[in-house]
Amino acid sequence: MDELVLDGNAAAGALAEIYGDDMTTVLAECASCGRVDPIGGLVAFVHAPGIVLRCTACATVMIRIVQTPSRTRIDVRAKRIPPPPETAR
Amino acid sequence: MPQPFITRGFVGKRQDAGGAAGRIPPGQHLVKDFPVLSAGPTPRADLRTWTFRIEGLVKEPAQWSWDEFRELPAQDFTKDISCVTKWTKLDTHWRGVSVDVLLEHVDLDRSAAFVTAFSDGGYTTNIPLPELLNGQAFVAYEYDGKPLAPEHGGPARLVVPQLYFWKSAKWVRGLRLMERDQPGFWESLGYNNHGDPWKEERYSGD
Amino acid sequence: MKGTIEWQIATVTALRDETSEVKTLTLSLPNWTAHRPGQHYDVRLTATDGYSAQRSYSVASEPERTGEIDLTVERIGDGEVSPYLDDTVVVGDRFEVRGPIGGYFVWDRSIDGSLLLVAGGSGVVPLMAMLRHRASAGVGTPAALLYSARTYDQIIYGAELDMLRRSDGLRLTYTLTRAQPPGWKGYARRIDDAMLREVSANLGGEVLAYVCGPTALVEVVADGLERIGLPAERIRTERFGPSGT
């Protein structure tokens with residue numbers, strides 16, 4: 001185990017890189033169960049090939065982020081979150 | 001990419017590969033522990049309802065209960081494993097059932113060329129069928145002589161040791177045979193469809 | 001936030017032992033931006049062969065201190081970033097950071113209501129930034145800190161918290177869960193609803209709670225605060241590892 005923040009806050013840096021702005025207070029709605037949380041309050045899995053943010057209620061994937069050597073890619077499955085820039089998809 | 005800024009005195013907790021350097025794929029470093037990586041919460045499988053399935057391009061799908069699966073002929077495997085997060089662990093000891101043995105129970109359609117492994121918790125990964133054949137891959141349920149721990153994929157995980165370890169799906173529940181390659185959980189966001197560590201096939205189109 | 005997320009090279013200007021396992025690093029930043037207490041910085045270390053590791057650390061200092069930040073780092077035995085920061089780093093060393101990051105777990109003087117802070121272990125760090133800001137900005141709102149530590153020796157910022165208690169009206173409560181010094185009269189158990197009720201009693205005004213610590217503690221406290229009547233939207237949480245399961 002290592003020193004890791006386990007909230008969406010842990011993805012704040014990567015998200016800010018993609019959106020050019022802080023995203024942790026933006027509300028995200030789970031497409032599966034409808035639970036709404038600020039992105040900073042989502043459950044984060046960072047000990048993986050990418051970052052996975054999941055619903056606090058049902059663990060459904062809400063956001064996935066992969067950083068490749070050339071760019072940062074994001075897949076947003078939660079509702080309400082603004083669409084990411086074309087270059088990050 | 002701008003040049004990285006080198007941090008004085010930082011080496012990480014990597015081991016010196018020493019005489020094993022020839023067994024470490026490019027860009028990888030040796031570890032002695034067994035890091036736990038996970039894209040989601042660890043499922044706790046109920047062995048009374050657990051099944052393993054082979055489906056897709058087969059004449060009749062095959063399915064085993066936990067007890068039936070444990071009665072299949074098992075083998076011991078000692079393999080080096082490499083994770084795309086850049087660690088390599090040598091001589092890991094597993095016990096499980098070769099994918100060859102599992103496929104003996106189905107009639108494969110001639111068009112089957114790719115496999116999606118699917119897991120509890122929704123994880124998927126795609127693998128070219130030939131990478132799973134001829135004793136290369138197995139479904140493991142013991143690690144180091146003990147039942148495979150849930151954080152390492154227990155009760156059973158796929159192990160495809162010659163590919164990056166994200167292909168070795170934890171909590172695996174079955175294999176789906178397909179004609180066309182279908183990117184899985186990480187592959188659909190930029191990770192490589194093949195994933196050979198010796199060719200450093202980490203990403204696609206990068 | 002724009003423009004604050006670029007990596008920059010921080011220089012270590014001071015090191016201070018907080019406990020045997022915890023150290024504070026003062027970093028001078030060429031592109032310093034005022035943070036909101038509770039925000040963190042990402043730290044990226046790179047070895048000569050290009051291998052790199054990245055972690056997030058909360059800012060411990062108040063934004064009134066310009067040009068530099070304090071990061072307080074707990075040494076994790078089998079970690080790889082914290083042992084470097086705790087053991088290898090000397091004054092004058094430089095490494096990459098980016099921040100400040102995060103807008104969710106933050107508090108500053110612009111937010112009304114009284115503060116109920118609950119910390120487990122090194123989870124006190126972002127809360128300390130809030131308390132230092134509150135003192136430095138002369139904010140008069142009531143504030144209480146409930147701080148759970150294993151032993152007395154593992155309390156971080158003990159002397160400064162005591163000073164804030166005496167001079168700044170901080171209601172300071174410790175609970176020591178593993179061992180207590182002789183004559184200890186404070187709490188000596190894990191945080192429970194009764195304890196939360198006692199520390200939050202008569203705080204006055206609308207209470208805003210910030211909870212930071214290990215996942216298990218955060219969940220117990222957040223649920224407990226709801227049970228004693230605090231609305232969920234007035235509870236902010238931040239969890240620290242371990243991760244994986």
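Reader: What covers the buried residues of H4(C)?
Author: The cover includes strands S7 (114-120), S8 (143-149), S9 (170-176) and S10 (207-214) plus helix H5 (215-227) of chain C. Helices (H or I, at least four residues) and strands (E, at least two) are DSSP runs, numbered from the N terminus. This is a predicted model, where local features need pLDDT of at least 70, side-chain atom pairs count only at pLDDT 80 or more, and totals for chains, interfaces and linings use all residues. Residues are numbered from 1 along each chain as its sequence is written, with chains lettered from A and ligands numbered from 1 in the order in which they are written.
Reader: Ok, which residues of H4 (193-200) in chain C are buried?
Author: Leu196(C), Val199(C) and Ser200(C); buried means 20 or more other C-beta atoms, placed from the backbone, within 10 Å of a residue's own, and exposed means 12 or fewer. Those three sit on the same side of H4(C) because they cover an arc of only 90 degrees around the axis, taken from the directions from the helix axis to the C-beta atoms.
Reader: And which are exposed on the other side?
Author: Ala194(C) and Glu198(C).
Reader: Switching topic: how many residues does the contact take from chain C and from chain B?
Author: 17 from chain C and 18 from chain B, with contact meaning C-beta atoms, placed from the backbone, within 7 Å.

Note on methods: Contact = placed C-beta atoms within 7 Å.
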